[in-house]
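Here is a short briefing on one protein chain. Have the sequence and the 3D view open as you read.

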Amino acid sequence: MSTKIKLVKPKKSHTKEIIKLVKDTKVLDVNSEYLYYLQTIHFKDYCCVAIDETKNKVIGFVSGYLIPNENSLFIWQVAVNSNYRGLGLAQKLILKIAKRKECKDINYIKTTVSPSNSSSIRVFEKVAKELNTKIKKSKFLKMKDFKNAHEDEPMYTIGSFKLKGKK
């Protein structure tokens, strides 16, 4: 399979494909359609999609935002189509966001990952290694904080780091 993959800021027109991708993971919480529209319109500088250009199809998505009053990028959701896993796409999407000019002042990447989601934990460990820094786990949200059945959500903090040559 010869595939050309492009990493870009999401567009409003990608929203329906993003929602399907998130649903298809069967691991991520599916948020409202409205939220995904906001991510592709208001927060596009802190989100990224992977497009299979041969099929003109969204195959990966990372959502994020800058944490107010911090020099931290929060990565919210990471989704990669099952047919494209093992290519390092999740890591590439996260690093693409972190290297944007809009993130020039960040020194940390933060995220929460359910303990059972070991593949996501490995992705963030690889991001820390790529940034030549450490990753630290701390308590954040406990199961009892959620109304519906949900695992704990520990916070993972990558950093500190300083990226050169942000684009």
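Start in the loop between α4 and β6, where Asn132 sits. Its phi is near 55°, a positive value in a residue other than glycine. Keep in mind that this is a predicted model.

**Backbone features**

- Most residues other than glycine have a negative phi, and most peptide bonds are trans.
- Is Asn132 buried or exposed? Asn132 is exposed, because its relative accessible area is 72% and the cut-off for exposed is over 50%.
- Asn69 has a positive phi too, near 65°, and is not a glycine.
- Look for Asn69 in the loop between β3 and β4. Asn69 has a relative accessible area of 85%, so it counts as exposed.
- The peptide bond from Gly159 to Ser160 is cis, with omega near 10°. Ser160 belongs to the segment after β7.

**A buried loop residue**

- Asn81 lies in the loop between β4 and α3.
- Asn81 counts as buried because its relative accessibility is 14%, and buried means under 20%.
- What does Asn81 touch, beyond residues up to four places away in sequence? Its contacts are Leu21, Lys57 and Ile59.

**The nonpolar cores**

- The largest nonpolar core has 31 residues. Those touching the most other members are Leu73, Ile75, Ile94, Ile109, Val127, Leu131 and Ile158.
- Which elements supply at least two residues each to this core? They are β2 (48-52), β3 (57-66), β4 (72-80), α3 (89-98), α4 (118-130) and β7 (153-159).
- Helix α3 gives the most to this core, with seven residues.
- Now zoom in on Ile109, leaving aside its neighbours within four places in sequence. Ile109 contacts Leu73, Ile75, Ile94, Ala98 and Val127, and also Leu131, Tyr156, Thr157, Ile158 and Phe161.

**Strand β7**

- How many of the seven residues of β7 are buried? Seven of seven are, and the strand is mostly covered.
- Glu153, Met155, Thr157 and Gly159 point one way from β7. Pro154, Tyr156 and Ile158 point the other way. Residues on both sides are buried.
- β7 pairs with β5 (residues 108-112) in the antiparallel sense, over five bridges. Here Tyr108 has Gly159 of β7 as its bridge partner.
- β7 also pairs with β6 (residues 135-141), again antiparallel and over five bridges. In this pairing, Lys136 has Thr157 of β7 as its bridge partner.

**The largest pocket**

- Rolling a probe the size of a water molecule over the atoms shows where empty space is left.
- The largest pocket has a volume of about 580 Å³.
- Its lining has 26 residues. Which of them lie nearest its centre? They are Asp29, Trp76, Thr112, His150 and Glu153.
- β4, β5, α4, β6 and β7 are the elements that give two or more residues to this lining.
- Strand β4 gives the most to the lining of the largest pocket, with five residues.
- By class, this lining has 14 nonpolar, nine polar and three charged residues.

**The second largest pocket**

- The volume of the second largest pocket is about 460 Å³.
- It is lined by 20 residues, and the closest to its centre are Arg85, Ala90, Ser119, Ser120 and Val123.
- The elements giving two or more residues to this lining are β4, α3 and α4.
- Which element provides the largest share of this lining? Helix α4 does, with five residues.
- By class, the lining of the second largest pocket has ten nonpolar, seven polar and three charged residues.

How values were computed:
Residues numbered from 1 in each chain as written. Predicted model: local features only at pLDDT ≥ 70, side-chain atom pairs only at ≥ 80, totals over all residues. Heavy atoms only, no water. Core = buried A, V, L, I, M, F, W, Y, C linked by side-chain atoms within 4.5 Å. Buried < 20%, exposed > 50% of the residue type's maximum accessible area, 1.4 Å probe, protein only. Helix = DSSP H or I, 4+ residues; strand = E, 2+ residues; numbered from the N terminus. Contact = heavy atoms within 4.5 Å. Pairing = 2+ DSSP bridges. 1 Å grid on protein atoms, 1.4 Å probe; cavity = no way out; pocket = protein on both sides within 12 Å on 5 of 7 lines; lining within 4 Å. Points joined across faces, edges and corners; volume = space filled by probe spheres on them. Nonpolar A, V, L, I, M, F, W, Y, C, P; charged D, E, K, R; others polar.
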